[in-house]
Amino acid sequence: MTVGTLAGLDNRIVVAGRVTTWRDLPEPALPSPAAVLTAGPAEALAAARHHATYGTELLLTSAARMDRAMRDDLRAAGFTVTGPGSDAEPPVRSRPAEPGRLWLLTSGSTGRPKRVGHTLESLTTVRGVQPARTWLCPYASGTYAWWQVVTLSLTQPGQHLVVVDADELDDWPALAAAHGVDAASGTPTFWRRTLHRDPAALARVPLRQLTLGGEPVDQAVLDRLREVFPAARISWIYASSEVGASIVVHDGRAGFPVGWLDRRLPGRPTLSVDGEELVIISPHHGAGLDGPVRTGDRVQVVDGRVLITGRLDSDEINVGGSKVSAGLVRGVLAAHPRLAWARVSGRRAPLLGRMVVAEVVPTASDDAPDEAELVRWCADRLPEHAVPRRIRLLPEIPVKETLKSDV
C-alpha cells in the first residue's frame, strides 16, 4: 500500500499530549521482517504508518508483553527485534521478508501467545463512507482491537484519534472531553472501571458511539452505559486475531440473536455452535484459517439470545457432578444494583470437589452489600449448586494491560 492510497493521512492524532497527524509522524528506519517492541503509543503509530507506506513485514507489540523467551522465538523465526533502550537484536537465521504481512499476538488467554498473520486489508473491516468521528484508543499497541481503530483512522478521512497511554487510563474522560472525543472503544472491564471510578466525568464526554469487545458482555454494563448515554449507539463486537471482527450487535442486549446461527450470507461470517463451543467461518480470518475455527469460547442459548459466557477451559465449574457456568453466575452478580464488577471461579472443596467462589467490587464503599445479602441474591436466581459459597469484596476493579479482567 502506498501513501497515496491512505485516505486518513491528514486525520488529527493526539498522542502523549501532542497534536499531530498521520502524515507528520516521524519516519522510523525498520528492517523487514521486524518485531517492534514499543515503549509508548507514539512509536507504535509511527511503525503502523511505516508498514502502511512500505509494506514492511511487521509484528508490533508493547515491550511489556514480550519476555526473553518470546524474543528468542521471534529471532529464531527470522525477525529483527527492536525495542526501547537496547540495540536491535538480529535474527538467528535470515529469511526473505513477506511484503505486506502483519503479525498479531493472540491474547494468551489459553496459554502462551501465538502469532497470527494478517494484512492491512484483512484488518481493515470498516469500509464505506463513515460519519466524522474523534475516536478514543485505549488498547495496548499491536492488539487486534488496537489495529481496528488504527486502520479506521488511517484509511478513512475524518476519523481522528486520541490515544490513551497506560498511565492515562484512570483519567481518560478528562482527556477525551478536552479533545472532543465522541466515539470510544474499550473492553467491558474498561467501561466498568470508568463507571465505577468517576461516572460524572464519563458523562461529560460527548459520546455518540460506544463500542465494547474483547470479553463477555453482560446486560448490566450495557444498561448502565445506556443510562449515562441515552442517545448514543452502543455496540458489542466479537473479534479475535484468528477470526477478525465476526459479530456486531447494536440492539443494546447481551449476546446475539439465535437466528444468526448457521446463517450464510455473502462476505459475512458464518456462526455455529458445536456442543457448547462457538465455531466461526470468517472472511476476516488470519492467514491459513480459512475454514471453521473453533474459538474456545463457551456459549449458552438463553431467551432467544446466544450468550458467550467465557472460555471453555475456565468457564465450567464442576460442583459435585453438576456443571456451573462461571459466566452466568458472574452475570447474576453483575446485575446487583450495588455491584460494579464480579469475578467467579471454582475452588477445591471436600466432598463436592469444587465449589463456586466470587470476588466483587461494590459501586460505593459506604454502601457495600455484605456476603449474606449477595448469597441470598444469587440463591433467588440460581440453582443451589451454582450459588457462590464465598464472596470477597475488593476495593478496585482489577485490570490487565489488555484492559481485561482475569475472568
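Both Trp172 and Trp191 are buried, where buried means under 20% relative accessible area, exposed over 50% and partly exposed in between (1.4 Å probe, protein chains only). Phe190 is likewise buried, as is Trp172. The structure is a predicted model, in which local features need pLDDT of at least 70 and side-chain atom pairs count only at pLDDT 80 or more, while totals for chains, interfaces and linings use all residues. Residues are numbered from 1 along each chain as its sequence is written, and side-chain values use heavy atoms, with hydrogens and water left out.

A search of the whole structure finds five aromatic pairs. Rings of Phe, Tyr and Trp (the six-membered ring of Trp) pair if their centres lie within 6.5 Å; planes under 30 degrees apart count as stacked, over 60 as edge-to-face and the rest as tilted. The pair of Trp172 and Phe190 is stacked, because the ring centres are 5.1 Å apart and the planes stand at 25°. Trp172 belongs to helix 5 (residues 172-178) and Phe190 to helix 6 (residues 188-197), so that this pair links distant parts of the chain, 18 residues apart. Helices (H or I, at least four residues) and strands (E, at least two) are DSSP runs, numbered from the N terminus. The pair of Trp172 and Trp191 is edge-to-face, because the centres are 5.9 Å apart and the planes stand at 85°. Since Trp172 lies in helix 5 and Trp191 in helix 6, this pair ties together parts that are 19 residues apart in sequence.

The charged end of Arg95 is placed over the ring of Phe79, 5.2 Å from the ring centre, and Arg101 lies over the face of Trp103, at 5.9 Å from the ring centre. The criterion is that NZ of Lys or CZ of Arg is within 6 Å of the ring centre and within 35 degrees of the ring normal.

Helix 1 (residues 41-54) has 14 residues and reaches 20 Å from its first C-alpha to its last, close to the 20 Å expected at 1.5 Å a residue; the expected span is 1.5 Å times one less than the number of residues. Helix 1 is mostly covered, with eleven of its 14 residues buried. Among them are Pro41, Leu45, Arg49, His50 and His51. Gly55, which follows helix 1, has a positive phi, near 75°.

Most residues other than glycine have a negative phi, and most peptide bonds are trans. Ala16, not a glycine, has a positive phi of about 55°. Ala16 is found in the loop between strand 1 (12-15) and strand 2 and is exposed, with a relative accessible area of 64%. Asp262 has a positive phi of about 60°; this residue is in the loop between strand 15 (256-257) and strand 16 (270-274) and counts as exposed at 53% relative accessibility. A cis peptide bond, with omega of about 5°, joins Ser32 and Pro33. Pro33 is in the loop between strand 2 (18-21) and strand 3 (34-38).
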